[in-house]
Amino acid sequence: MKKIIIIIIILYCLPIISKADSSVNELRVTLQSSFISLDPGGVQDSQSLFVSRQVNCQLVRNQGSSFTLDAAESIRYITPLKILVKINKNAKFYDGSPVTARDAVASLNYIKESRNIFKNVFTWIKTVTILDDKTIVLSLEKHVPQFLKTLSATNFTIFKESFLDKAKANKSLWKNPIGCGKYRVSYFGDKQIRITPVYSGLPIVFTLIKSNQIEASEVGKYDIITLKVIGESKELNNFNVLEMFDPIQYFIGINSKSRLWKNKYDRCKFLSSLDLKNVISSYGESAIVANDLLPKGTLGYSQNNDYLFDLKRLANKSSQHSLNKEKSICFSYLTVSIQDKNKVEYVKMLQKHYSNVVVKPIYDVKRFGKKFLNDNCDVLILGLTSTYLDGYEFLTVFEKNDANFTGENVEHLNAHILQSQNIENTVERAKEYQKITKEIADSCIVRPIFTMPIRRIYVRKNLKAPGIGLISIHQYNLANVSI
Amino acid sequence: MNKSIHSSKKIHFLIERFFIITGLVILTAVLLMGLYFNRYESHQKQEDNLLKIHSMLSQLIVPSLVISDVSEVRHLLFMAAGEKETFLVVDNSGTVIMSDYEKISFSNFASSVYKDIRTCKNLGMAYKYIDGKKYLINCSILQNDDIFNGQNEVGVLLSFSNYKWFSFSPIIIYFVTILMVLFLVMLILFRRMLYKQLLRPLVTLKDCISNISMEHALKKKHIEKIDNAPSELIEIKDVFERLILSLQGEYGRRVEAEKIKALILPHTCRH
């Protein structure tokens, strides 16, 4: 009898002991260096969206190749211009209160008022009517086939109405928003964010890695790694590597108000004369030289475009004989986009033309364009990615908003970009995006550098993460992960 | 003599055994042939279906791929895929587009044979092992028919279908069931027919002949009528009856001769 009891105890303990190498009680996930903000007003970087995805809910979610209802119980087109949305009776905020139609409408209104990028949805919506506590009707200006696709992107989160009222006055409340996701924030620090499950799931610890890269010998500290891993280590054998198509394109943008150039031809000359070879090679073989403003794989991209050729054509009209090497140049970059080792290459590239390079990193992307212009900086390096692979997600930074870094009068461009969102036909919209791209190239305000089409994700082998390959990692629901 | 009769097999046993063995051999042969053709047919059907899916999917994917609408391409791949089938697209620069990147082995395979993939070389309805599992792989080139720029290749469509050495189609299940029922019906009918029309008359004939042979005096002239007897048995019966009849005649004549002999001999002795 005694032996049987011992065997039972051993059998019970074995699985627990075998799982002890990874932290059983929590999921450790890396984040790129950024200023995490759960406030949907303003620009949100992919890392903020990743955390936000876990603590917030939306009406509908993008699952890569399909849509899934989140807080909504049903979404039905009553007419081509009217959408009836019923909110799920079981949808609740973490404080236990149910998600109501008023909360959904208040959240949409908050995003409309406070965020001035991704304006397309709000130009499509004519009115939002509350029918009852759980039902709203969205009336559209015109039939928009891509409406649900856009609404399902990770940008339309729902918060409690009373919380939004308080958060408008007190921004610090955004560190622990009353959301309706599977998690709630339990600790919000500069280097670490901890979230705990509301009902079920593994607690998650997000760790912000300042250098945006991680040594192979250190991978054992984490369970899901979204950063570049440097070097080789046996520890890597414990991970499955997912190589997903999730393009990110890097740009070099310039402040048109800078004293370094008199007109757009000078700007074109500067942009086209930059030698980007070393910068691109520092990103490894996966980096592809960008030939278009939109990255490959995004609606509107054309492999026949030659953006650099357009810049060079205009650069010939510049009266500036050569760039003034004695002058200094201010170089800004989004910390969420650039790794430490790559930053050096950008500086070296600029040092070929200017003796003194002043570096001003931007941590908070919320109003990065405005900050760049207010700092009177000259050059900005940024990486842009998308959630539903539409050219608009890249073009929106050239609209009149807080992300616009160009300093140009963009009224015409702004109207053109918004107009493109009213085109129903996808082929026609893609053509319009190409026209907008030409218009931007003619302004000499930005040069695409390279595209990283594939994102590499490391997932510890003992984890079950169903559906992780369907969507980009910052849209993935970590509550699905189990051991 | 009796010993050899007991040791030799009885005729109904021989016939039944022969019939069952032959029947089973035929049944097995028909079954094997049926299964072989089922396998051949199902593979043929799978390949035909795959070609049709490739053709249709290509026509849907190409317009989206031309305008770089990868989101739509992924949606189409997701719709076309099933539990046992995975589709992926490799564009001209070697980027793998698939609906679910969790299926790493397929994207790794596509990357490993990238040079061959561009022309679909050796990948048309080919059976290959990927991570120890056998798959039917098909590759088709995605061509954009542009009236201004002519035909140009925009990538390739690859499909990976789970390989099954044998798959039961519903038709083969019906076929095998019908075959078994027919075999049983045939066996029962043949057995009844054999028993009624051959074995029973034969046994009856044997019993009659045996009874007659056991009698000391050949009294009986006729064997009773045997029902359902085949013509050969009736002939045997008739021949036997004729033989008995001639034996009875012979016996009668002998008796008469013996009687005459007995009457003449005393008379001769008186002289």
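Chain B and chain A of this predicted model together bury about 1,900 Å², of which 53% falls on carbon and sulfur atoms, buried area being the accessible area (1.4 Å probe) that two parts lose on being put together, summed over both. On the side of chain B, the residues B:Ile67, B:Tyr101 and B:Glu102 account for 29% of the area that this chain buries against chain A, more than any other three residues. The contact, defined by heavy atoms within 4.5 Å, draws 28 residues from chain A and 17 residues from chain B.

Residues are numbered from 1 along each chain as its sequence is written, and chains are lettered from A and ligands numbered from 1 in the order in which they are written. Local features need pLDDT of at least 70 and side-chain atom pairs count only at pLDDT 80 or more, whereas totals for chains, interfaces and linings use all residues, and side-chain values use heavy atoms, with hydrogens and water left out.

Between chain B and chain A, 11 residue pairs are in polar contact, both residues being at pLDDT 80 or more; such a contact is a pair of N or O atoms within 3.5 Å, where, within protein, one must be able to donate a hydrogen and the other to accept it, and residues adjacent in sequence count only if both atoms are side-chain atoms. The interface also holds 1 salt bridge (a side-chain nitrogen of Lys or Arg within 4 Å of a carboxyl oxygen of Asp or Glu), and the side chains of A:Lys296 and B:Asp91 meet in a salt bridge at 3.0 Å, N to O. Helix α3 (residues 70-80) of chain B contributes 5 residues to the side of chain B that touches chain A, the most of any element; helices (H or I, at least four residues) and strands (E, at least two) are DSSP runs numbered from the N terminus.

The largest nonpolar core comprises 75 residues, of which A:Phe270, A:Tyr346, A:Phe368, A:Phe398, A:Ile440 and A:Phe450 touch the most other members. A core of this kind is a set of buried Ala, Val, Leu, Ile, Met, Phe, Trp, Tyr and Cys residues joined through side-chain atoms within 4.5 Å, where buried means under 20% relative accessible area, exposed over 50%, and partly exposed in between (1.4 Å probe, protein chains only).

Within chain A, A:Asn62 belongs to strand β2 (residues 60-62) and counts as buried because its relative accessibility is 6%. Leaving aside neighbours within four places in sequence, A:Asn62 is in contact with residues including A:Ser152, A:Thr387 and A:Gln475, and its side chain reaches the backbone oxygen of A:Thr387 at 3.5 Å.

Not counting residues up to four places away in sequence, A:Ser337 touches A:Asn212, A:Tyr250, A:Leu382 and A:Gly383. Of these, A:Asn212 lies in the loop between β10 (204-209) and β11 (213-215), is buried with a relative accessible area of 2%, and has a positive phi of about 65° although it is not a glycine. In chain B, B:Met125, likewise not a glycine, has a positive phi of about 50° and is located in the loop between α5 (114-117) and β3 (126-130).
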